[in-house]
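The sequence and structure are shown first, and the description follows.

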Amino acid sequence: IKQLLSLVFNGGSADGTYVCSDASKETAAAVHKFCKENGIVCDLKNEPHCTIIYSRVALSLETLTSIDTERKHSATFKDWAVLHTGSGKACLVMKLNAPSLVTLHMYLMAANPQATYDYAEYIPHVTVSYSIPSDFDVSSLPKFTEEFIFDTIKIEDLQKWNALTDYNVK
């Protein structure tokens, strides 16, 4: 609620909207342990999370207040991938099978036709490292077998979120 109110007190003029689902403490610990055990540099500034919306245009307050921010979402590991940030920086991600997060993304985009998204398709994932080369080979990485539990939805002004991370806007 405080996050939503900050958007309201910002005059509804937020410079975009960022929505993510944070991993539970147990899931975050499992991801960090897995990375350490497998020699993966986990250099995140934030705890593991799955981005749901990264829109350069603010989403409507009506839509945002309809989100159940306390609902738990579960996901499973799909495969590894190297994705690139808006600035072209390579990052190692765990792609997820996350039907409820995909549904939430689709709902928010449909309810806000003005919303933007940088990629042709929504790929639910958890970033684990920004310390990899662009041509990093993911084929030898072991499968992550733990279930992902996301226990909180976080809603922020996009510019505030960018200031807290090392993701650079295009």
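In strand S5, Val126 is the bridge partner of Met94. Four bridges join S4 to S5, and these two strands run antiparallel. Five of the five residues of S5 are buried, where buried means under 20% relative accessible area, exposed over 50%, and partly exposed in between (1.4 Å probe, protein chains only).

The model is a predicted one, in which local features need pLDDT of at least 70 and side-chain atom pairs count only at pLDDT 80 or more, while totals for chains, interfaces and linings use all residues. Residues are numbered from 1 along each chain as its sequence is written, and side-chain values use heavy atoms, with hydrogens and water left out.

**The sheet**

Six strands form an open antiparallel sheet in the order S2-S1-S6-S3-S4-S5. S2 and S5 each have a single partner strand and stand at the edges, so one side of each is left without a neighbour in the sheet. Neighbouring strands are turned by 30 degrees against each other on average, direction ignored. Strands are DSSP runs of E with at least two residues, helices are runs of H or I with at least four, and both are numbered from the N terminus; two strands pair if DSSP finds at least two bridges between them.

| Strand pair | Bridges | Direction |
|---|---|---|
| S3 and S4 | Eight bridges | antiparallel |
| S4 and S5 | Four bridges | antiparallel |

Asp79 stands opposite Lys95 in S4.

**Helices on the sheet**

H2 packs on the sheet, touching S1, S3, S4, S5 and S6, and its direction makes about 105 degrees with that of S6. H4 lies across S1, S2, S3, S4 and S6 and runs at about 10 degrees to S2. Axes are lines fitted to C-alpha atoms, for helices over the stretch in contact, and angles run from 0 to 180 degrees between N-to-C directions.

In H2 (residues 25-37), the buried residues are Thr27, Ala28, Ala30, Val31, Phe34 and Cys35. Seen down the helix axis, the buried residues of H2 fall within an arc of 160 degrees, so they line one face; the arc is that of the directions from the axis to the C-beta atoms. The face turned away from this buried side carries the exposed residues Lys25, Glu26, Lys33, Lys36 and Glu37.

**Contacts of Trp80**

Leaving aside neighbours within four places in sequence, Trp80 is in contact (heavy atoms within 4.5 Å) with residues including Phe34, Met94 and Val128.
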